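Please walk through this structure with me, one region at a time.

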Amino acid sequence: MEKVRNLHFQSALLLVAWLWSSCCFSQTTLVSVESVKKANSTLVVANNRSRIPLTLSLNLVRSSNIASGTGWPIVRYIAPGQTLELVEISAFNKQQRYEFFYKFNYVIGSPVAQHDPTAKYRLPFISEQPVFVGQAPDGPIFSHNAVSNKNAIDLVMPIGTPIVAARSGYVIENIKQFADNGLAKPEFMDKANLVRILHDDGTWADYVHLKQYSSHVFPGQRIEAGMFIGLSGNSGFSTEPHLHFHLQKNANGIIVSLPIEFWHQIKGKITPRYHTWLPSEKNTSTTTIPTKKLKECVRKDLIIDDAVLKCMKRA
C-alpha cells in the first residue's frame, strides 16, 4: 500500500506497512504520518488514531540538501490517540530547495504485554450444531505458516453463522466492505472482512472472513464476551466458508500468535484440535443477534444485488 505526496519543497514517499497477522486478510491504517510545511522547514508528524499502542519506524529513502533535527532511522513508541512530532527537516543550504523521501512501518501492541493466564475465552460462535475444526496447529498447515498465525484455527461453518466475542475488550478495527466471493488466490489476500478486539492485557483477537456488511461494531467500542460482532462469511483468501480466529501479542517488536483454549459452559476447557468438532454454543449474552433484520434485506429470489448490500449496510 503506497501513498505518494508531491509538495513544493519536498516529496514524501509513505509506505504504509501491513500489520501482517495472517495469510488471508487486509488491514487498514491505524496511524497516519503527515508532512506539515512551516515557513522555513517541514515537520513530520505521526498520529495514532487507535486504542492500541504502536511502535513506528521512519526511514529516510533519499534526500537532497536537508538538515535534520534528529538522526535516522527514527523509532518512536506512540500511545493510543497520541500525536507525536517525529522530526523537523529544513534546507542545509538556505539558498537552495530541499526534498526528502521517507517510508514508515509500524508494529501494533505494547512490546512488553503479557497474556493473562487466568483469562477465559468462550467459543466465538453461536450454533445449534457442532463446528468442524478445518485447520489447527496440531494438523497439516495450509496457510498458517508464520510465527504470527501458527496457532490460528479455521472453523468451518455456513455463511451467516453468528460470531460473538470470545473475550471482552475494545474494538480496534472493523473491515466489512468485501464480498463473500473468497478464493485461495493471491489477489484475495487483502480482501477479507475482519473485526479486531484488544483485550485488557494488551493481547488481541482477530475474527476473519466475516460476511459483507454484517459487522456493525465500531473502533473504540467496548465489547463484552459473548456479544454479537458479525456473521461468518467467505471473504478474502479462503477455500470455503469459515471463521479464521487467532490470538496475538507484540513480543518485543514481533507479532506472535498464542495457543488457544476455550471454556465451554458445560464441557469446561476445550483445546481445538485438527479435524475435530467443537460443541454447539448458545448465546449466554443479553445481546440480541440482529439476524432478522439482515434476512429482511434479502429478496425471495435470494439474489444479492446492490440494493440488498445497501440494506445490509444500514442494518
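A residue is called buried when its relative accessible area is under 20%, exposed when that area is over 50%, and partly exposed in between, with a 1.4 Å probe and protein chains only. The model is predicted, so local features need pLDDT of at least 70 and side-chain atom pairs count only at pLDDT 80 or more, while totals for chains, interfaces and linings use all residues. Residues are numbered from 1 along each chain as its sequence is written, and side-chain values use heavy atoms, with hydrogens and water left out.

With these terms in hand, we can turn to the backbone. Most residues other than glycine have a negative phi, and most peptide bonds are trans. Asn-252, which is not a glycine, has a positive phi near 55°, and Asn-252 counts as exposed because its relative accessibility is 67%. Asn-252 sits in the loop between strand S18 (242-251) and strand S19 (254-258), where strands are DSSP runs (E, at least two residues) numbered from the N terminus. His-209, also not a glycine, has a positive phi of about 75°, but His-209 counts as buried because its relative accessibility is 0%. The loop that holds His-209 runs between strand S15 (204-208) and strand S16 (222-223).

The peptide bond between Trp-72 and Pro-73 is cis, with omega at about -5°, and Pro-73 belongs to the loop between S6 and strand S7 (74-78).

S6 also leads us to a sheet. An open sheet is formed by 4 strands in the order S3-S4-S8-S6, with antiparallel pairing, where two strands pair if DSSP finds at least two bridges between them. Strand S3 (31-37) and strand S6 (66-68) are the edge strands, each pairing on one side only. Between S6 and strand S8 (residues 83-91) the antiparallel pairing covers 3 bridges, and Ala-67 has Ser-90 in S8 as its bridge partner.

Our last stop is Asp-180, in the loop between strand S13 (169-175) and strand S14 (194-198). Asp-180 counts as partly exposed because its relative accessible area is 24%. Leaving aside residues up to four places away in sequence, Asp-180 touches Leu-210, Lys-211, Gln-212, Gly-233, Asn-234 and Ser-235, a contact being heavy atoms within 4.5 Å. The side chain of Asp-180 reaches the backbone nitrogen of Gln-212 at 3.1 Å and that of Asn-234 at 2.9 Å. Asp-180 and Gly-236 are 56 residues apart in sequence, yet their C-alpha atoms are 7.6 Å apart in space.

Technical notes: Polar contact = N/O pair within 3.5 Å; in protein donor to acceptor, adjacent residues only side chain to side chain.
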